[in-house]
Amino acid sequence: MALVEVKVPQLSESVAEATLLQWKKKVGEAVAADEILIEVETDKVVLEVPAPSAGVIVEITQADGATVVADQLIAKIDTEATAGAAAPVPAAAAPAPAAAAPTPAAAAPAAAVSNAMPAAAKLIAEGATTPATGTGRDGRVTKGDVIAAGKAPAPAAAPSSIPAPKTGAALPVVAPPLGPDAGLEGRPEQRVPMSRLRARIAERLLQSQASNAILTTFNEVNMAPVMALRKKYQEQFEKEHGVKLGFMSFFVKAAVHALKKYPVLNASVDGTDIVYHGYFDIGIAVGSPRGLVVPIIRNADQLTFAEIEKKIAEFGQKAKDGKLSLEELTGGTFSISNGGTFGSMLSTPIINPPQSAILGVHATKDRAVVENGQVVVRPMNYLAMSYDHRIIDGREAVLGLVAMKDALEDPSRLLFGI
């Protein structure tokens, strides 16, 4: 036997522990070298754990959902075993007495109970019919599944404290006791723990609101010039660069344009100091199956429109696949959140610490506006910028947002830096 250990990969300095998600292989199954065995979730990213060599998994020391630390042993692979072979028993170990094989009737409920929500498991233990499949997350059996399968035992009636009536007297009408589940039959609930990322998001948002003096200023922008420019060059841009010309590159460029004019918007607070950053790392809020993540476009001021669009497309795909690295999610001097892609009309975004400002972009809609005394229809977008009032005064915040508005309504300003 030649055993190879599978360990948790190195985590970043700021991450103390992680959670194992779901094993892709079982004990006794063959694995190829570099085949992904399991994913490890930290509060920032999901890391893949590959097989260090080919062989057969002979032991899994940590189950799904276990909390682990860097370099912790989680499995062992026998590089000389064949698939399906029983794991060898150490010589010093005494053989355990054989357990009676469960009957098929008993095995099915046991399997269902192991994969059932607490309320469902209780009903099954009381004699309810075991559902063939579960409709909950990861196939878990819910209370509603058990009820739908039928034969769920009726709840026992609570003893009544009303004295028995005299012979021949009319029986009193007694209402059934109102327990926590009264009237909720057929309305299943499911309780799942927060993922590490979701818990971290919640922690950071609360931290931001507790530690920053957040204020939001609004403005509206006529998107017609950007839309006309985009329409004119979209086809040629895509042929030349292999990526579509979206709106986000314009918002990134407009934000950098304003941050250069008002550097405090690009600054951060460190104790009693204000740190002015001489670079422009723009965070782009991206939705993913695991939650909201904010990958960083480094040195956005030095990138072309095409390079920005390629970065955004790359981040979007990586977020979808859970492949964003710690480096891509670390840092940032200013963020942009585009709720407009989901139809948001207006919002007050929360600052992403330790940054001091964030731009919220919303859906562009045709609206009636007044130009030169005439009511006209224009594609308008409401911009919202939340900022830390501890270091950013209203003047800088308002003028910074106006600078973004001016750049979007006259994109040629981005070419000449005016």
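Helices (H or I, at least four residues) and strands (E, at least two) are DSSP runs, numbered from the N terminus. The model is a predicted one, in which local features need pLDDT of at least 70 and side-chain atom pairs count only at pLDDT 80 or more, while totals for chains, interfaces and linings use all residues. Residues are numbered from 1 along each chain as its sequence is written, and side-chain values use heavy atoms, with hydrogens and water left out.

The chain holds 10 helices and 19 strands. Of its 418 residues, 36% are buried, where buried means under 20% relative accessible area, exposed means over 50%, and partly exposed lies in between (1.4 Å probe, protein chains only). Contact is taken as heavy atoms within 4.5 Å. Among contacts between residues at least 6 apart in sequence, 62% join residues at least 24 apart.

Strands of a sheet pair through backbone hydrogen bonds, either parallel or antiparallel. Two strands are counted as paired if DSSP finds at least two bridges between them. Strand E1 (residues 3–7) is joined to strand E8 (residues 73–78) by five bridges in the antiparallel sense, and strand E6 (residues 55–60) runs antiparallel to E8 with four bridges. Lysine 76 of E8 has a place in both pairings: it is the bridge partner of glutamate 5, and it stands opposite glutamate 59.

Another open sheet of four strands has the order E5-E4-E2-E7, again with antiparallel pairing. Its edge strands are E5 (46–50) and E7 (67–68), each of which pairs on one side only. Within this sheet, strand E2 (residues 18–20) and strand E4 (residues 36–41) run antiparallel and are joined by two bridges. Leucine 20 has valine 40 of E4 as its bridge partner.

Met248, Ser249, Phe250, Val252 and Lys253 of H6 make the contact with Phe305, Ile308, Glu309 and Ile312 of H7. These residues divide into six nonpolar, one polar and two charged; in this classification Ala, Val, Leu, Ile, Met, Phe, Trp, Tyr, Cys and Pro count as nonpolar, Asp, Glu, Lys and Arg as charged, and the others, Gly among them, as polar.

Helix H7 has 17 residues and reaches 25 Å from its first C-alpha to its last, close to the 24 Å expected at 1.5 Å a residue; the expected span is 1.5 Å times one less than the number of residues. The buried residues of H7 are Ala306, Ile308, Glu309, Ile312, Phe315 and Ala319. What covers them includes H6, helices H5 (224–241) and H8 (326–329), and strands E13 (286–288), E14 (291–293) and E15 (296–297). Just after H7, glycine 322 takes a positive phi of about 70 degrees.

The loop between E15 and H7 contains aspartate 301, which counts as partly exposed at 26% relative accessibility. Leaving aside neighbours within four places in sequence, aspartate 301 is in contact with Lys253, Val256, Lys260 and Phe280. Aspartate 301 and isoleucine 282 are 19 residues apart in sequence and 9.3 Å apart in space, C-alpha to C-alpha.

Some backbone details remain. Most residues other than glycine have a negative phi, and most peptide bonds are trans. Asparagine 299, in the loop between E15 and H7, has a positive phi near 50 degrees and is partly exposed, with a relative accessible area of 31%. Asparagine 372 also has a positive phi, near 55 degrees. This asparagine 372 is found in the loop between strands E18 (365–371) and E19 (374–388), and is exposed, with a relative accessible area of 80%. A cis peptide bond, with omega about 5 degrees, joins proline 353 and proline 354. Proline 354 lies in the loop between strands E16 (334–338) and E17 (357–361).
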